[in-house]
2 protein chains.
Amino acid sequence: MKNPEDLLRERGIRPTELRKEVLRILFGAGRPLSWKDTFTRFTEKRVNKVSLYRTLSLLEEKGLVHKILGTDGAWHYCAHLVEGKKCPGNHPHFLCLACGRMFCLEDQPLPTVQVPEGCVVEGKQLLAYGRCPSCSGTQPQG
Amino acid sequence: MKNPEDLLRERGIRPTELRKEVLRILFGAGRPLSWKDTFTRFTEKRVNKVSLYRTLSLLEEKGLVHKILGTDGAWHYCAHLVEGKKCPGNHPHFLCLACGRMFCLEDQPLPTVQVPEGCVVEGKQLLAYGRCPSCSGTQPQG
DNA sequence: GAGTGAATGCAACACGGTTGCGGTGAAATT
DNA sequence: AATTTCACCGCAACCGTGTTGCATTCACTC
């Protein structure tokens, strides 16, 4: 896997400490993180809230991460790797309403959506929500 | 079509003027309206913002309308009729990023989503977004 | 090392939505 | 009809997510 610095340089983004650390956090999580999730993982280093918002937006604009809107109204940013490549984001997601964690459902494609004549589709997202194994009380192993 | 008062009584909801008017607005629109959309349609009568939020939430809880989250983070409430029955909401939606209007795509079902073992799905939503015919500059008739 | 512009930090704001509480008014009871 | 009751509504204040404007700092270039 490429290190955060190289990933940033490839895209013409100046590889600052903040950006590298955010990438490390997102790749390390392996699932989409909200701004809040990311913020709380800066325990020691205390990051500025605006800088974090700007960094997440930048990474998304430059195509290094993808974002998904949760039913809680918060964007979740995802940078995990799939078969060595950055997760492309074109798949459904599952949001746990109890703990707020979001998961990528990478094995499934997004369906084709038929839109009315003249509509131009720029993107789409499919979100399932409910309870994750940890929160449903019906975990496979008891 | 039943009038708003009967619809409310059937569900054990006290049929106040505000609730009847909100239902009239939502049924009249024929597409999902945000709080803001609904608010601005009270031009003459000026409604309290909190009461409108509470009314929309109540109608949704009681199953008279369904709600969809837009990429702008705002909920859209829908109460239109399909073949004489209340629109059930289990279909994709299209959101115009330019004008903010949302449309139901009733002819299509929501796909089945395979979730990890132990996950409990309570709901799902499929949102396509982009530009509606009025905003895309590619309308069928010029 | 000086200059330059991007990146960051700070304060304040915008917007969608909620909470607490007090007043009002319609329905039920006497 | 008067009283009681309680849902409903309105007001003010607040919360969370995210943005904007501007000053400062930092890193890269020359």
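## Strand pairing between the chains

In this predicted model, A:Ala128 lies opposite B:Lys124, a residue of β8(B). β8(A) and strand β8 (residues 120–131) of chain B pair in the antiparallel sense, with eleven bridges; pairing requires that DSSP find at least two bridges between two strands. Helices (H or I, at least four residues) and strands (E, at least two) are DSSP runs numbered from the N terminus.

Residues are numbered from 1 along each chain as its sequence is written, and chains are lettered from A and ligands numbered from 1 in the order in which they are written. As the model is predicted, local features need pLDDT of at least 70 and side-chain atom pairs count only at pLDDT 80 or more, whereas totals for chains, interfaces and linings use all residues.

## Interface of chains A and B

Contacts (C-beta atoms, placed from the backbone, within 7 Å) link 35 residues of chain A with 35 residues of chain B. On the chain A side, β8 (120–131) and α5 (133–136) give two or more residues. β8(A) supplies the largest share, twelve residues.

A residue is near a strand if its C-beta atom, placed from the backbone, lies within 6 Å of it. DNA strand C is surrounded by 18 residues, the closest being A:Arg14, A:Thr16, A:Leu18, A:Asn48 and A:Ser51. Two or more residues come from each of α2 (17–29) and α4 of chain A, and α3 (35–40) and α4 of chain B.

Around DNA strand D there are 18 residues, with B:Arg14, B:Thr16, B:Leu18, B:Asn48 and B:Ser51 the closest.

Notes:
Two residues are in contact if their C-beta atoms, placed from the backbone, lie within 7 Å.
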